[in-house]
Amino acid sequence: MRGIPAVHRLLADERIAEYETALGRDRIKRAVELVLDRARASGDRSYDDVVAAVARELDGLALQTLRPVINATGILIHTNLGRAPLAREALDAIGEVSREYSNLEYDLERGERGSRRSHVAGILAEITGAGDALVVNNCAAAVLLVLDTFAKGREVIVARGQLIEIGGGFRIPEVLARSGARLVEVGTTNRAYVEDFERALSPRTALLLRAHPSNYRIEGFAHDVTGRDLVELGRRTGVTVVEDLGSGALVDLAEFDLPHERTVQEAIADGVGLVTFSGDKLLGGPQAGIVAGRANLVARLRSNPLLRALRVDRMTLAALQATLQLYRDGSYRKGIPVFRMLSTTVEELRRRAEAYLRAIPRATAVESDAYIGGGAAPEKRLPSVAVAISAENPDAFAARLRSARLPIIARIEENRVLLDLRTIPPAEDGKVTEA
Ligand SMILES: *Cc1c(COP(=O)(O)O)cnc(C)c1O
């Protein structure tokens, strides 16, 4: 047993103790015992070897805790990496309303119980032009709430080409089935006409649904029914039109030299009854699902008991409110990280790349394609710059970057590991080169 270090000495070693906040003493102790068992089985090991082995074990455990990472993939709204980073104003607002008490469900004017739904509804209506709006947990919940409220036991007409799966298990046909609505598919995969919808109408029809195809496109011999055409049919026949926009742009992407994405305002102006969209995609805020639309329809959503189970907390409301304020005062370009990343010029990225090349001997700067992600403009490449590092085993190299103190998620292309600078915050460049 000579040379096997004592448990208490290892626990006190600062190279091991520094994991205590993240992992807790018990897990550290178990890791130490595990490594010592192995050391006993394999014979003597030096103290430093044991410390290094424990640290490796703890690094592995620490990777499983929720922690910040560097997104070097070039995909701005990356669902696996937490989607849209929040604006500083949103983070401050979370702190302000959560540190102490807030008027979450209190009416300050009347001095009595108020509603958590009132805070953000006003600014949402103002920005989108809708009569009223409602916030729930995510867009999937928003769609579910709409279907449950209006279409349970009745029929919803959808174009076949819009029976989409977004990923993460969100499939329009399955959400419809879950809500107790019956799906009526019309048209073909590539073409649907307003006449198809009209022929499918029946006394059981509850809604005409339009869904944003998000991550895929039908190109070539294709025809889609516009929101306006659907609204016109809905008006004539007294059926409500719902549009699931998904990403939910509140500004015209053409401002950023990108293809136009249908905005929430456009859908509302077309007369769509209810529009659903996410808070953490193109909007650039916290995870949330928003329903905006005609006041009488939103009122019916509000009286659905399901809403209680889908409601959002004060942190979400605070962050969403602060993010929306950036739209209202016109400072979203600078204030919301997604738009900051979108408006960074290639020249700026090239300049930053030079600092990387000075710090990383084997690196080169290459042209790269970044993407918005989150189902918006999936085919649109954003010109970008990546730092490319060739490696004999790029998979192993990328894995080591993922296990860095501040894990870095890179892209692999052929024999190179690429770090796309568009999604790396400039303030973190130093940490990335160091890693
Ligand atoms: C992303 C998306 C959803 C789901 O949104 P979550 O906020 O992730 O629940 C629903 N519909 C469409 C069209 C989407 O793009």
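Q: Which residues of strand 5 are buried on one side, and which on the other?
A: In this predicted model, Asp132, Leu134 and Val136 are buried on one side of strand 5, and Ala133 and Val135 on the other, so both faces are covered. Buried means under 20% relative accessible area with a 1.4 Å probe, protein chains only. Strands are DSSP runs of E, at least two residues, and helices are runs of H or I, at least four, numbered from the N terminus.

Q: How does strand 5 pair with strand 13?
A: The two strands pair in the antiparallel sense over 5 bridges, where pairing requires that DSSP finds at least two bridges. Glycine 293 in strand 13 is the bridge partner of aspartate 132.

Q: Turning to helix 13, which residues are buried there?
A: Leu297, Val298 and Leu301 are the buried residues of helix 13, which spans residues 295-302. They fall within an arc of 100 degrees seen down the helix axis, so they line one face of the helix. The arc is that of the directions from the axis to the C-beta atoms.

Q: What do they pack against?
A: Their partners include strand 5 (132-136), helix 8 (139-150) and strand 13 (289-293). Contact means heavy atoms within 4.5 Å.

Q: And the whole chain: how many helices and strands?
A: The protein chain has 20 helices and 18 strands. Of its 435 residues, 49% count as buried.

Q: What conventions apply?
A: Residues are numbered from 1 along each chain as its sequence is written, and side-chain values use heavy atoms, leaving out hydrogens and water. Local features need pLDDT of at least 70 and side-chain atom pairs count only at pLDDT 80 or more, while totals for chains, interfaces and linings use all residues.

Definitions and conventions
Buried means under 20% relative accessible area, exposed over 50%, partly exposed in between (1.4 Å probe, protein chains only).
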